[in-house]
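These are my notebook entries on a structure that I had not examined before. I set down what I looked up, entry by entry.

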Amino acid sequence: MQLLTLPPSPALATSIRATAQVFEDPKSQALLAHLQQVAPSDASVLIIGETGTGKELVARHIHNLSARRNRPFVAVNCGAFSESLVEAELFGHEKGAFTGALSAKAGWFEEANGGTLFLDEIGDLPMAIQVKLLRVLQEREVVRLGSRKSIPIDVRVLAATNVQLEKAINAGHFREDLYYRLDVVNLELSPLRDRPGDILPLTRHFINAYSQRLGYGDITISKEAELKLRSYSWPGNIRELENVIHHTLLICRNGVIERDDLRLSNMRIERQDDYHSQVDDCAEALLDRAFQKLFDQQAGALHEKVEDALMRAAYRFSHYNQVHTAALLGLSRNVTRTRLIKMGELAVNKRRPAENIQGERLVQLSI
Ligand SMILES: Nc1ncnc2c1ncn2[C@@H]1O[C@H](COP(=O)(O)OP(=O)(O)OP(=O)(O)O)[C@@H](O)[C@H]1O
Ligand SMILES: [Mg+2]
């Protein structure tokens, strides 16, 4: 398991953040390698990813790996302010610049001087502010509202978005020139469902972090609970996983997290699109999902039905060869044969249908 340790940041005290990060799935390892390559430079980075995929965490990590690590890291949510306010907040203002500007104030660019400015939800920035931002990035100086004096700034800009900015450009909501300015390096964070190898390491990471915070002793997690976590689609990504673990620890008893302790949202997004690419990795998880469906349907005689289905599938997979079927299932040939006969898959002293023969011998049975 790959864990990175970062200096704790006081600004992050409310959530389990930034002391250790998990990058275990091959996709995450590739991202980490890319991130480590680009972090030391001063290049602008555009971080793209669904909600909760770790965009801010990645931005902080870039900052911490750069020469600016001991300078300020200022994170700003561009979507959280009105147009007039975001302008004043970004670039600062002089006293009396507008009604309510009772004193002069430095903007975020000045605050971040020498360090890194993280512009979150950049796609929400109003067009008029986008022009000004572009100018600041080009000129490397800001002019406070109500002032004529330009202030030189040395700020590395990292931006994040959960929408494809290309679409916003086509729709006329985002400036293409600003996009190219910000997108010198492009880091795309995969949704958690596309990096299943991270799910259990992250789970362990959050269990450790939260049980420590809650003053709990050792907490373990059952195999069934692990399967449930692995087979879920995580629409809210890592943030959702973190919340689920936190909540589960509050209700779990005896220091063991069981399957039913995990309350996952009903907003399931079935993973049909990437079914084939995931099937090897998640075969057990898929099986578990199938069982869940059967349990929900409360079909009777489930044990026998499942055994029959397994036998039939293995027999088909083995091209109707009993020896191969038995080997595949780890059963003796006798047991396999008896079962196949009982299921009506093998007829005693009868030739199987032509399409089933596949060059095999006649089935002679004496039971
Ligand atoms: N690789 C990781 N290892 C450990 N924890 C992580 C990792 N990535 C994200 N997290 C945790 O998941 C939570 C969500 O991460 P973050 O806030 O960076 O996501 P985001 O993409 O900015 O989300 P949003 O779009 O909702 O703003 C945070 O608590 C963060 O610490
Ligand atoms: Mg964020």
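Is Asn237 buried or exposed? I looked this up and found that Asn237 is buried, with a relative accessible area of 0%; buried stands for under 20% and exposed for over 50%, with partly exposed in between (1.4 Å probe, protein chains only).

Entry on conventions. I note that this is a predicted model, in which local features need pLDDT of at least 70 and side-chain atom pairs count only at pLDDT 80 or more, while totals for chains, interfaces and linings use all residues. Residues are numbered from 1 along each chain as its sequence is written, chains are lettered from A and ligands numbered from 1 in the order in which they are written, and side-chain values use heavy atoms, without hydrogens and water.

Entry on backbone angles. Most residues other than glycine have a negative phi. Asn237, not a glycine, has a positive phi of about 55°, and I place it in helix H10. Glu121 also has a positive phi, near 50°; it sits in the loop between strand S5 (116-120) and H5.

Entry on the whole chain. I count 16 helices and eleven strands, taken as DSSP runs (helices H or I, at least four residues; strands E, at least two) numbered from the N terminus. Of the 367 residues, 47% are buried.

Entry on ligand 1. I find 20 residues around ligand 1, the closest being Val22, Thr51, Lys55, Leu57 and Glu242; a residue qualifies if one of its heavy atoms lies within 4 Å. By class, the shell holds eight nonpolar, seven polar and five charged residues. Strand S2 (20-22) and helices H2 (55-64), H8 (199-213) and H10 (237-251) each supply at least two of the shell residues. A polar side-chain atom of Thr51 is 2.9 Å from an oxygen atom of the ligand. Backbone N or O atoms also approach ligand oxygen atoms, at 3.1 Å for Gly54 and at 2.9 Å for Leu57. The protein covers 94% of the 630 Å² of accessible area that ligand 1 has on its own (Shrake-Rupley method, 1.4 Å probe).

Entry on nonpolar cores. I take a core as buried Ala, Val, Leu, Ile, Met, Phe, Trp, Tyr and Cys residues joined through side-chain atoms within 4.5 Å. The largest has 33 residues, and Leu90, Phe109, Leu117, Leu119, Ile122 and Phe174 touch the most other members. Helix H5 (residues 127-139) gives the largest share, five residues. A second, separate core of 22 residues includes Tyr210, Ile221, Trp234 and Leu249.

Conventions: A polar contact is a pair of N or O atoms within 3.5 Å; within protein, one must be able to donate a hydrogen and the other to accept it, and residues adjacent in sequence count only if both atoms are side-chain atoms. Ala, Val, Leu, Ile, Met, Phe, Trp, Tyr, Cys and Pro count as nonpolar, Asp, Glu, Lys and Arg as charged, and the others, Gly among them, as polar.
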